[in-house]
Each structure stands twice: as C-alpha cells, then as structure tokens.
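Please consult the sequence and the model alongside the text.

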Amino acid sequence: MKKVFTVLLALFLILLTGCLPEEIKHPIRSDISEEAFQQQVNLLRESTVTIKGFFMEFHTGVGSGMIYDKIEISNGEYLYYVVTNQHVIHNQTHVKLLMSTGKTEIGDIYAFSSTPIMDDIPANEDIAVVRFRSKENYRVVNIIPLTSEKNTYIQLSIGQTVFGIGTPIKEENHNFVTNKAIISDLKNGFVSHTANINP
C-alpha cells in the first residue's frame, strides 16, 4: 500500500509542477533595457525630420518623416529621400524639412500613392516620399524591404514594445518622443498602440 501511495504522490507532484505558471517569452524580441531604448531614440532622432508643407508661399501643414536613403550626386553633395505619409504632403507644392541639427532644407515631393486622399486612403497606401539636396551628412535609417533582395517584412505582434517619435500637431513638438508602449491591435493595415502621443 505504501508503494502505491508513493507512486501516486510522485505522479501528483509531477502533474502539479507541470501546471505551474511560467514566463512566456516573446517569439521575436526580448524586453528592451533603458539603455537600449535611449540608444534607439538617439539614433532615430538624427534621421527624423519635421516636414512643413507649403502651397506656393503659404504654410499649410506639418508632419514627420524619416531619412531612408541618400545618393551622392557630385562634389560631396547628396540627394536624400524621406518617407512620410501622403496626408502630410497632400496638395503641397514644396516642403521645408527641419533637421535634428536645427538646419532647414528645401525639398520637393518625389512620389505618392495614386489613391486620392479624399477616398479614405487605406493605411498601406498613405505613403509618400520627399527628397532634398544637401552637402550635410545626415544619418540614414535603412528600411528592410528597400535593402533586401527578397520581399522582407517586419513581424509585428500584439504585446510588442514600441514607441513613437516625430512632430505631432505643431513644429514646436519637433522630435517629440513618447513613452514606451505596447501594440494593442493589428487590423486593416493599422498598428494600434498604447503610446501617449500627446500633444
């Protein structure tokens, strides 16, 4: 009887330990440390620009963009490309870009979606590219599909840590950085998150 009781107790303990909660590891990233977060913010600040839109000489809006490519054209002068949203440059004739250094560059609208903005443009088509020439050496952030030979996509998942950087509402918020947050939903091409992007 003692042997049966011992075997049953051992089985019970094995089953019990199998039910203990364990930390679930995220499949594609680990938690970011404060130091790594600050390094990422500093890196992205150097490539993030404020885009001021103009129709002729009239200032009509403000938005954000990120330098993703540059080509040397002559005598140390570069042609830079900045990705932004179509709604930022909609109906603009040209843009001014406020850089992280405080310098302002003049740019033109290089490419945008063929979907008219008034037709409630889908999230994956709200993309535009502006470009500018400069002798300054600005930092470039490589975008994976641009530099990859194959179609490569960044995997996002609910619960993943994110933060925002850019210029919400007005120019005075240049390179405003949000708190760390998580992705809360992924539907219809939109990434919903809990980052506080006020103002």
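The points below are grouped by topic, from the whole chain to individual residues.

The model is predicted: local features require pLDDT of at least 70, side-chain atom pairs count only at pLDDT 80 or more, and totals for chains, interfaces and linings use all residues. Residues are numbered from 1 along each chain as its sequence is written, and side-chain values use heavy atoms, with hydrogens and water left out. The protein chain contains four helices and eleven strands; these are DSSP runs numbered from the N terminus, with helices being H or I of at least four residues and strands being E of at least two.

**Whole chain**

- Of the 199 residues in the protein chain, 28% are buried; buried means under 20% relative accessible area, exposed over 50%, and partly exposed in between, with a 1.4 Å probe and protein chains only.
- The protein chain has an accessible surface of about 13,400 Å², and carbon and sulfur atoms account for 57% of this area. Accessible areas come from the Shrake-Rupley method with a 1.4 Å probe, and for residues only the protein chains shown count as cover.
- Among contacts in the protein chain with a separation of 6 or more, 57% are between residues 24 or more positions apart; contact means heavy atoms within 4.5 Å.

**The six-stranded barrel**

- Six strands form a closed barrel in the order β1-β2-β3-β6-β5-β4, and their pairing is antiparallel. Two strands pair if DSSP finds at least two bridges between them.
- On average, neighbouring strands of this sheet are turned by 40° against each other, direction ignored. The axes are lines fitted to C-alpha atoms, for helices over the stretch in contact, and angles run from 0 to 180 degrees between N-to-C directions.
- Five bridges join strand β1 (residues 48-55) to strand β4 (residues 94-98) in the antiparallel sense. K52 has K96 in β4 as its bridge partner.

**The three-stranded open sheet**

- A second, open sheet has the strand order β7-β10-β11, again with antiparallel pairing. Its edges are β7 (161-162) and β11 (190-193); each has a single partner strand, so one side of each lacks a neighbour in the sheet.
- Strand β10 (residues 181-187) is joined to β7 by two antiparallel bridges, and T161 stands opposite I182 in β10.
- Between β10 and β11 there are four bridges, also antiparallel, with I183 opposite H193 in β11.
- The strands β10 and β11 form a hairpin with two residues between them, and N188 in the turn has a positive phi of about 55°.

**Aromatic pairs**

- Six aromatic pairs are counted. Rings of Phe, Tyr and Trp (its six-membered ring) pair if their centres lie within 6.5 Å; planes under 30 degrees apart count as stacked, over 60 as edge-to-face and the rest as tilted.
- Y80 and F132 are stacked, at 5.0 Å centre to centre and 15° between the planes. This pair links distant parts of the chain, with Y80 in strand β3 and F132 in strand β6 (residues 128-134), 52 residues apart.
- F132 also pairs with Y138; the ring centres are 5.9 Å apart and the planes stand at 65°, so this pair is edge-to-face.
- F132 is buried because its relative accessible area is 2%, and Y138 counts as buried because its relative accessibility is 5%.
- One aromatic cluster is formed by Y78, Y80, F132 and Y138.

- E77 lies in strand β3 (residues 77-84) and counts as buried because its relative accessibility is 18%.
- The side chains of E77 and R133 make a polar contact at 3.1 Å. A polar contact is a pair of N or O atoms within 3.5 Å; within protein, one must be able to donate a hydrogen and the other to accept it, and residues adjacent in sequence count only if both atoms are side-chain atoms.
- Beyond its neighbours within four places in sequence, E77 is in contact with I71, E72, R133, S134 and K135.
- G76 is in the loop between β2 (58-74) and β3, and at 28% relative accessibility G76 counts as partly exposed.
- The C-alpha atoms of G76 and K135 are 5.9 Å apart in space, although the residues are 59 apart in sequence. Not counting residues up to four places away in sequence, G76 touches S134 and K135.
- S47 is in the loop between α2 (34-45) and β1, and S47 is buried, with a relative accessible area of 0%.
- Apart from neighbours within four places in sequence, S47 is in contact with G65, M66, I67, R139, V140 and V141.
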